[in-house]
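I opened the notebook to look at how this chain packs.

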Amino acid sequence: MYSLVSLINSVTALTRTIPSIKDIPLFAVLLFIRLGIDIRNDIVLVQERTYDPSTPPRHLSPSIVQFLASACALLPKEVIPLWETLRVMIWESEEDPLLLSIRDSESYEQLFRNHGYLLGFTSSRNLWPPVQHCTNPECRQYQQGFKLHTATQKHALLLSLAHGPIPVWAVHFRCNGCNTTYHHNMALSPSGQYISAAMGRTYYDTISENIQIGEHCFAERRILDQWRSSINLAWVSASNCITIYLQMFPDAHVPESWNISLSLSHRTAWEGFIIYSLWLDAVRREQALQFPHDHTRRDCLNEAMKARNQHIKLFGQPEKRHRCDKCVRIYHPDDPTQPVRTVSVVVCDGTSIGRPRCYVETCKETLQSPKDRYCLIHTHYDDFCYVPDCTEPRTTKFTCNLPNYLQAGKEYEERGQSVFQLKRRLEAAQRAALDNSQLITVPVLLDEADEADDAADGDSDDEDEDEDEDDGDPTTILKKPKKAFQRRRTHNEQLLIYPCGMVAARVTFYHSESLPSVASFVKETYWDGALPDHLVFDNNCGLSKHVKDNPTFPRIGLAVDVFHFKSKHKASDTYCQENCNPAAFPELLRENGKGWWFNTSICEQVNA
């Protein structure tokens, strides 16, 4: 092993030959060693074929000399004697664990695992607050310029991309003047003690490279970027994100004294996804990400997401003003007297992905859980019978003690069982086989069995069913119990998408894809007047009649998309053919009149 004394003697001898070498900074010498280790293969490559790679060469190529001189701020004449002095040390780095740690970050971390655990030095990646002084201007410690010196540390797990899960210390400072606690990602202040700290948890203005995603869990930004891309682009579940990460490091382990398990759940990935996204959004808008004190972690995230969604609803997303060659055209009219103009298009359509909602017809509050029937405001209704207009207390899963309702509830539960469904299908087949004259009843029985399948799958009730039915009539309840007992679901998610595939806006329709709802959605999205030149919608013949007196819409072209116009709109509808036929707008056609400039079926493609 190369000793410090031999290194000093060698450098001292060099100073007699080249006096200027005594002025080389120590960090330049260490950098020279590090670079020499990293480019060892490059040094070997240019040697003669009779050269023995196990011995350090005496001479370096001109390009390597130039590189080392430039990187270490040396003169080329200083590189050659320095190489002569340090070449053996550089070449022996493969056998020397200390020298190897200079090049290999894993070996560097291994030094902490081998020598630091018992002394409290677990990793070079321990997580510290980014500040050393209190940042509250009203604090006396801040005014006196005292540093933060009351520190507390706790066990934590850092999910790294290079080394897998690493046990680290998460350290936080407490200011003795204002009791503000400074963590790695945020400052936690006593609620209400200072105006600037009234919100409690305030994330820093600069996003850290390691983000807290659980009580004792942190993750590198690179991992969260990977999870966000996997979830958004490849539809990878949060559980699979965690599973894939852990399988990348099968030998990962945590010391027994650390009291932290490597058993991570999907909640870890989701929490990281949400916190990182909210923090990015706050930094981009140059606002502080703040959470209240008196909320659970889940409630904090929900409130922050609601605030962000409200901001997007009011001001739109940056993508709302998106423009590219696929969604904007520079149109040259055939008439030379007409000016050249830009043409932009947005396509509107819905996707029928209903989600559970509060059973109260007019309520739009969010459910606490997808399993709930009522929101938090209307949860007291859950104590009553589910049959409409029945005010008796609920004594079973669905109904009160009235015999007819009990039988309806039992029938509904039985329909959800696979044994019941298969027996009904078997009975239908047997009756059909016994008497061909009864074949006409088979479709009816099969429909009933299929309806039972729908009940088992949790399908939403049809909003278009007759509203005149007396849901309180016991006979009706016995015939169609799922209308009363199933939870309500939203109707669809409505989208505005540019022909290039960029989603401009989204909104939930709770009851139907009605024309007033679509018109209101478009108006609220482009409240600032920056509407495209054309709005493509599959029912624009109805929408154009609805908005004919609306000052927001007269200057917008309202064409039906090509697919629906050919297959869903009658040629006998004169109004639709004259006003909503996409061929009536030459700017939507290609120059030769064959084919379409814009992709008006983009919503179907995105929703698929």
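**Entry 1: helix 11.** I looked up burial first. I found 14 of the 19 residues of helix 11 buried, so the rest of the structure largely encloses this helix. The model is a predicted one. I then checked the span of helix 11: 27 Å from first C-alpha to last, close to the 27 Å expected at 1.5 Å a residue. Just after helix 11, I noted a positive phi of about 60° at Glu 286.

**Entry 2: the largest nonpolar core.** Which residues touch the most other members of this core? I got Leu 159, Ile 211, Ile 213 and Trp 227, out of 38 residues in the core. I listed the elements that give two or more residues to the core: strands 1 (150-160), 2 (164-174) and 7 (217-220), with helices 9 (221-233), 10 (238-248), 11 (266-284) and 12 (297-315). Helix 11 gives the most, with nine residues.

**Entry 3: Trp 227.** I left aside neighbours within four places in sequence.

**Entry 4: a second core.** I also found a separate core of 24 residues. Among them are Ile 37, Ile 39, Val 65 and Val 79.

**Entry 5: the surface.** I turned to a nonpolar surface patch of about 340 Å². Leu 314, Phe 315 and Trp 527 make this patch. I placed Leu 314 in helix 12. Buried, exposed or partly exposed? Leu 314 counts as partly exposed, because its relative accessibility is 44%.

Technical notes: Residues numbered from 1 in each chain as written. Predicted model: local features only at pLDDT ≥ 70, side-chain atom pairs only at ≥ 80, totals over all residues. Heavy atoms only, no water. Core = buried A, V, L, I, M, F, W, Y, C linked by side-chain atoms within 4.5 Å. Buried < 20%, exposed > 50% of the residue type's maximum accessible area, 1.4 Å probe, protein only. Helix = DSSP H or I, 4+ residues; strand = E, 2+ residues; numbered from the N terminus. Contact = heavy atoms within 4.5 Å. Expected span 1.5 Å × (residues − 1). Patch = residues over 30% accessible without salt bridge, like charges linked within 9 Å, V, L, I, M, F, W, Y side chains within 5 Å. Areas by Shrake-Rupley, 256 points an atom, 1.4 Å probe, with all protein chains shown as cover. Salt bridge = Lys/Arg side-chain N within 4 Å of Asp/Glu carboxyl O.
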